[in-house]
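Okay, everyone, I've got one chain to walk you through today. Have a look at it first, and then we'll talk.

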Amino acid sequence: MNFRQCTSCAKIWQNQEEFLADPDVSLLGLQVCFDDLLEGLIMFNHSCKTTFSIEVSQFENLYAGPVYEERATGSEQCPGYCLNEKELKPCPAKCACAFVRVILQKIKHFPKQRRR
Ligand SMILES: [Zn+2]
């Protein structure tokens, strides 16, 4: 099974690594799903000018650290990044949402293949 197909130009990525290493794919943002963080949507842009999203659960393997049980959203230690879809910064709070932002960083800094 393919990892993903572009909804517009039909480009196919066979696996996660190929997708993340593609220089034509760029990370746009995150729609946090507070009810189930793994169902949050990570938004990407393809070079054909299409935007599409992939569930956080598809990238769960990129995170190996601890996951906090409680959410700090709205508390004093929460910088509120989850409320801004365009915000990609890692979160310093001990919050259940923080691991998603670690995944975002991994995606953002994934080594890109050189263009042919
Ligand atoms: Zn495309």
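So, what radius of gyration would a compact globule with 116 residues have, and what does the chain have? The globule would be near 13 Å and the chain has 15 Å, which agrees; that's taken over C-alpha atoms, and the rule is 2.2 Å times the number of residues to the power 0.38. Keep in mind this is a predicted model: local features need pLDDT of at least 70, side-chain atom pairs count only at pLDDT 80 or more, and totals for chains, interfaces and linings use all residues. Numbering starts from 1 along each chain as its sequence is written.

Okay, layout. We've got two helices and five strands, running β-β-α-β-β-β-α from the N terminus. Those are DSSP runs, numbered from the N terminus: helices are H or I, at least four residues, and strands are E, at least two.

Now the inside. The largest nonpolar core has 19 residues, and I42, C91, C97, A98 and V100 have the most contacts in there. By core I mean buried Ala, Val, Leu, Ile, Met, Phe, Trp, Tyr and Cys joined through C-beta atoms within 7 Å. Helix 2 gives the most, five residues. Take V100: beyond its neighbours within four places in sequence, it contacts L30, V32, L37, G40 and V56, a contact being C-beta atoms, placed from the backbone, within 7 Å.

And K89? That one sits in the loop between strand 5 (51-55) and helix 2 (98-108). K89 is exposed because it has 12 other C-beta atoms within 10 Å; the cut-offs are 12 or fewer for exposed, 20 or more for buried, and partly exposed in between, with C-beta atoms placed from the backbone.

Key: Two residues are in contact if their C-beta atoms, placed from the backbone, lie within 7 Å.
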